[in-house]
Every structure is written in C-alpha cells, then in structure tokens.
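Visitor: I'd like a close look at one part of this model, please. Could you take me through how its helices pack?

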Amino acid sequence: MGEKEVESLVARTISRIMIPFIQLFGIYVIVHGETSPGGGFQGGVILGTSMILYGIVYGLSKAKKRVSKKHLIILISLGVLIYSGIGLMDMLSGGKYLQYDSLPLPVDAHETTALSILGVELGIGLTVMSATIILFIYLAGERIGAGMDNW
Amino acid sequence: MTKIKYASLMSLLAVSAILIYVVEDMPSFGDPDNPANKHVIPRYINNSETEGGAPNIVTAILANYRGYDTLGETTVIFTAGIAVMILFMRWNNG
C-alpha cells in the first residue's frame, strides 16, 4: 500500500466491482439489524471497510480525494447527535431519557419503538463508519509518511 | 534463585488445587436453572418483541434495555476518532 494505486489489474478491477456491493451490504446490515444479526456497529464497520479497500487498492491520495475531512467530522458528530437527540426528544415529549415509546408519532407505541431503534442504529452506523475511515487514513498516512496537510 | 522458583511452583500448585476444587461447585454449563438464566433473561426472551421493539433479542437489549450503555459505546468510538484526528494534526503541523 502506498500513495499510488497498486499495479495489479485484477485487484483494481475486482475492487471496483465489489465496493458498491460491500456498501450495499453494510446498509442492509444496519437497516435489517432489528430482525437479523447485525446492527449499527457491524454495518458501520462494513461501510468503513469498503473505503479501506479503496484506499489500499487505489492509493491513499485518491482515497483522501474521495472523502473530505470536513464531511467525516460532520458525520462522526451527527451519529452521536442523532442518538442523543432521540433521547432528548423522548424527554421533551414527556418520557424518560431514551424511553422510545413516548415520542408523539402517529403510530402505535410498538411501531414508535421500532422506528426509534432504527434511528439509533443509523446514528451508531454513521459514527462507526466515519471513525473507521478517519483511523485508517491517518494511521496509513503516518505509516507511509504521506503529508496530511492537504487533506 | 532456585529457592524462588521452588516457592513460586509451590504457590502455583496450591492456587491450582484450590481452583480445581472450586470448579465442582460451579453451576453446570447450559442449565436453564442457572442463576444467570433466571434473573432478567426470561423477560428479555418473552417481551423483547412486544416491549423491546425488535424481534432480534440482541438488538432489543442493545438499543432499548441497555440504551445508555450503547450511547456510551458510541461516544467512546466518537472520542477515539476525534482524538486520533487531533493528535495527528498536531504531529503534522509541529
């Protein structure tokens, strides 16, 4: 791995085909975590892994162009904000903190809880995905001695 | 030197003997009457779909019953990412 992309045509072609499917699978794991194994942590790591594969195969400089630092900071904060915001909205609508069924949605309590859990999982997924990408890009940049000032 | 080795071997054997003796009193593996399986597990198994909001018991525990814990975990990951970002920014500027 380095700044430039790898020589192997097979690796580049296969990862170009595979990365969209990896990301689709990550989103599936997040939104289907209520009924099947999975959830925010696992799906977020899968989403972050697709970016790690891109960085390994196509080089760190292309990966840094693909994701901007500003957007990653916004996303990593947005995840925690969604989670704690759902808890705060529960409190504002009369329940306890993170008491999901107190949200005044026009569906029954069971459905409200399920929707809140989906929102919470999305928040976890955003935070985990952004943290994975941030850790990879900074640690890989330190390892190969790439300057991070332009990112 | 050999005295210390002898003493450590003796203490190792003594502690091992105590632990092996205690294993007899542990609850048998996988028994539904274990104390760990009788406290909150029945409520999780019976009610996770109706009051927990998710048919997957693990998700119901993680996001609903133990919501504070998961919020803390998410904050830990957030803090780790931001801390690495701040540290490496300092290194590259200074």
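Start with one pair: are α1(A) and α2(A) roughly parallel or roughly antiparallel to each other?

Guide: α1(A) and α2(A) are roughly antiparallel to each other. By the cut-offs used here, angles under 35 degrees count as roughly parallel, over 145 as roughly antiparallel, 65 to 115 as roughly perpendicular, and the rest as oblique. A word on ground rules: this is a predicted model, where local features need pLDDT of at least 70, side-chain atom pairs count only at pLDDT 80 or more, and totals for chains, interfaces and linings use all residues. Residues are numbered from 1 along each chain as its sequence is written, while chains are lettered from A and ligands numbered from 1 in the order in which they are written.

Back to your pair. α1 covers residues 9-31 of chain A and α2 covers residues 40-58, and the two pack at an angle of about 165° with their axes 8 Å apart. Axes here are lines fitted to C-alpha atoms, for helices over the stretch in contact, and angles run from 0 to 180 degrees between N-to-C directions. Helices themselves are DSSP runs (H or I, at least four residues; strands are E, at least two), numbered from the N terminus.

Who touches whom? On the α1(A) side you'll find, among them, A:A11, A:I19, A:F25 and A:I30, and they meet a set in α2(A) that includes A:G43, A:I46, A:L53 and A:V57. "Contact" means that the C-beta atoms of two residues, placed from the backbone, lie within 7 Å. This contact of α1(A) with α2(A) divides into twelve nonpolar, nine polar and one charged residue. For the classes, Ala, Val, Leu, Ile, Met, Phe, Trp, Tyr, Cys and Pro are nonpolar, Asp, Glu, Lys and Arg are charged, and the others, Gly among them, are polar.

The loop between α1 and α2 of chain A holds A:T35. A:T35 counts as partly exposed because it has 13 C-beta neighbours inside 10 Å; buried takes 20 or more other C-beta atoms within 10 Å, exposed is 12 or fewer, and partly exposed is in between, with C-beta atoms placed from the backbone. Leaving out residues up to four places away in sequence, A:T35 touches B:P55 and B:N56.

Now follow α2(A) to another partner. Its axis and that of α5(A) come within 7 Å and cross at roughly 30°, so these two are roughly parallel to each other. This crossing is right-handed. Residues of α2(A) including A:F41, A:L47, A:M51 and A:I52 meet residues of α5(A) including A:I124, A:V128, A:F136 and A:I137. The tally for this contact of α2(A) with α5(A) is twelve nonpolar, eight polar and one charged.

α5(A) also packs with α4(A): their axes come within 8 Å and cross at roughly 155°, which makes α4(A) roughly antiparallel to α5(A). Here α4(A) passes α5(A) in a left-handed crossing. Among the residues making the contact are A:L72, A:I76, A:Y83 and A:I86 of α4(A) and A:V120, A:L126, A:S130 and A:I134 of α5(A). By class, that contact of α4(A) with α5(A) has 15 nonpolar, six polar and no charged residues.

In the loop between α4 (69-92) and α5 (109-144) of chain A sits A:L98. A:L98 isn't a glycine, yet its phi is positive, about 65°. Most residues other than glycine have a negative phi. A:L98 is buried, since 21 other C-beta atoms lie within 10 Å.

To place these pairs, chain A has five helices and zero strands. The C-alpha trace of chain A spans about 60 × 30 × 20 Å along its principal axes, and 36% of its 151 residues count as buried. Among contacts in chain A with a separation of 6 or more, residues 24 or more positions apart account for 66%.

One last thing, the partner chain: 23 residues of chain B are in contact with 31 residues of chain A. α5(B) gives the most to that side of chain B, with 14 residues. By class, the side of chain B that touches chain A has 13 nonpolar, ten polar and no charged residues.

Terms used
A crossing is left-handed if the near helix is turned anticlockwise from the far one by less than a right angle, and right-handed if clockwise.
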